[in-house]
Amino acid sequence: MSFDVDIHLRRGETDVRAAFRTGDGITVLFGPSGIGKTSVLNMVAGLLRPDRGSIRVQDRLLFGADTDLPPERRRAGYVFQDARLFPHMRVEANLRFGRPSPEDWSQIVGLLALAPLLDRWPRSLSGGEAKRVAIARALLAGSDFLLLDEPLASLDAARGDEILTLIERIRDERGLPMLYVTHDRREAERLASHIVEMERQ
């Protein structure tokens with residue numbers, strides 16, 4: 001079981017509820033904007049605390065039953081809508097921030113074709129290049145699973161397709177569980193091993 005989530009959070013007038021159990025591959029949280037998909041991702045990451053419930057990833061309890069692991073102990077790689085690269089560091093320094101092993105470095109830099117970008121500054125990257133670097137940094141942090149929040153936001157169709165193909169390669173070659181947020185039905189159907197449809201409460 002990759003993700004076993006049953007959580008509830010009250011935010012003002014809005015209830016965010018999610019309950020799902022999924023197997024290997026990519027679990028897509030699908031639904032309209034503003035429904036709480038990113039809040040669910042943030043609760044799994046430990047950036048937001050549910051009012052009640054439980055969160056398990058790969059049978060490891062992250063929240064519930066007197067357990068609330070801090071974000072740095074959850075071993076989650078988070079890819080945000082914007083790349084959030086350190087602007088004062090070149091690409092290589094951004095990628096080495098999590099102190100990756102030499103084996104991981106070689107595999108992931110090769111998988112994401114990042115060698116030509118290593119000496120560049122984040123401000124010089126295109127949207128697609130910055131997203132590749134952000135995904136690589138999440139992988140190189142020693143993550144047990146990935147959280148991806150609308151990773152195609154702000155990309156044109158061609159760059160978006162490149163990122164989707166890359167995510168499929170990571171799924172197939174690395175085997176990491178992923179929790180992926182989108183409001184695009186075609187995107188969800190292309191990627192998902194499991195689709196969790198969120199509805200307004």
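In this predicted model, Phe86 is partly exposed, because its relative accessible area is 27%, a value between the limits of 20% and 50%. Phe97 has a relative accessibility of 52% and therefore counts as exposed. These two residues, Phe86 and Phe97, form an aromatic pair of the tilted kind, with 4.8 Å from centre to centre and 55 degrees between the planes. Phe86 belongs to the loop between strand 7 (76–79) and helix 2, while Phe97 belongs to the loop between helix 2 and helix 3, so the pair ties together parts that are 11 residues apart in sequence.

A pair of aromatic rings is described by two quantities, the distance of the centres and the angle of the planes. Three aromatic pairs are found in a search of the whole structure. Another of them consists of Phe3 and Phe145: the ring centres are 6.0 Å apart and the planes stand at 85 degrees, so this pair is edge-to-face. Phe3 lies in strand 1 (residues 3–11) and Phe145 in strand 8, so that distant parts of the chain, 142 residues apart, are linked. Both Phe3 and Phe145 are buried.

Arg84 lies over the face of Phe80, at 4.0 Å from the ring centre. Arg84 itself is found in the loop between strand 7 and helix 2 and is partly exposed, with a relative accessible area of 48%. The phi of Arg84 is near 55 degrees, a positive value in a residue other than glycine. Most residues other than glycine have a negative phi. Ser154 is a further residue that has a positive phi, of about 75 degrees, although it is not a glycine. Ser154 is found in the loop between strand 8 and helix 5, and it counts as exposed because its relative accessibility is 76%.

The charged end of Arg96 sits over the ring of Trp105, 3.7 Å from its centre. Trp105 is one of the buried residues of helix 3, together with Ile108, Val109 and Leu111. Seen down the axis of helix 3, these buried residues fall within an arc of 160 degrees, so they line one face of the helix. On the other side of helix 3, Pro102, Glu103, Ser106 and Gly110 are exposed. What do the buried residues of helix 3 pack against? Their partners are helix 2, helix 4 and helix 5. Just after helix 3, Ala113 takes a positive phi of about 55 degrees.

Helix 1 (residues 37–45) is mostly covered, with eight of its nine residues buried. Among these buried residues are Lys37, Ser39, Asn42 and Met43. Gly46 follows helix 1 and has a positive phi, near 90 degrees.

The largest nonpolar core has 39 residues, and the members that touch the most other members are Leu95, Leu112, Ile135, Ile167 and Tyr180. Elements that give two or more residues to this core include strand 3 (26–30), helix 2 (91–96), helix 5 (157–174) and strand 9 (178–182). Which element provides the largest share of this core? Helix 4 does, with eight residues. Not counting residues up to four places away in sequence, Ile135 touches Val79, Leu112, Ile163, Leu166, Ile167 and Ile170. There is also a second, separate core of 26 residues, which includes Val40, Phe63, Leu69 and Val181.

Buried positions are also found in loops. Ser143 lies in the loop between helix 4 and strand 8, and it counts as buried because its relative accessible area is 10%, under the limit of 20%. The backbone oxygen of Ala138 lies 2.6 Å from a polar atom of the side chain of Ser143. Leaving aside neighbours within four places in sequence, the residues in contact with Ser143 are Arg75, Ala76, Gly77, Ala138 and Leu176.

Terms used: Residues are numbered from 1 along each chain as its sequence is written. This is a predicted model: local features need pLDDT of at least 70, side-chain atom pairs count only at pLDDT 80 or more; totals for chains, interfaces and linings use all residues. Side-chain values use heavy atoms; hydrogens and water are left out. A nonpolar core is a set of buried Ala, Val, Leu, Ile, Met, Phe, Trp, Tyr and Cys residues joined through side-chain atoms within 4.5 Å. Buried means under 20% relative accessible area, exposed over 50%, partly exposed in between (1.4 Å probe, protein chains only). Helices (H or I, at least four residues) and strands (E, at least two) are DSSP runs, numbered from the N terminus. Contact means heavy atoms within 4.5 Å. The arc is that of the directions from the helix axis to the C-beta atoms. A polar contact is a pair of N or O atoms within 3.5 Å; within protein, one must be able to donate a hydrogen and the other to accept it, and residues adjacent in sequence count only if both atoms are side-chain atoms. Rings of Phe, Tyr and Trp (its six-membered ring) pair if their centres lie within 6.5 Å; planes under 30 degrees apart count as stacked, over 60 as edge-to-face and the rest as tilted. A charge sits over a ring if NZ of Lys or CZ of Arg is within 6 Å of the ring centre and within 35 degrees of the ring normal.
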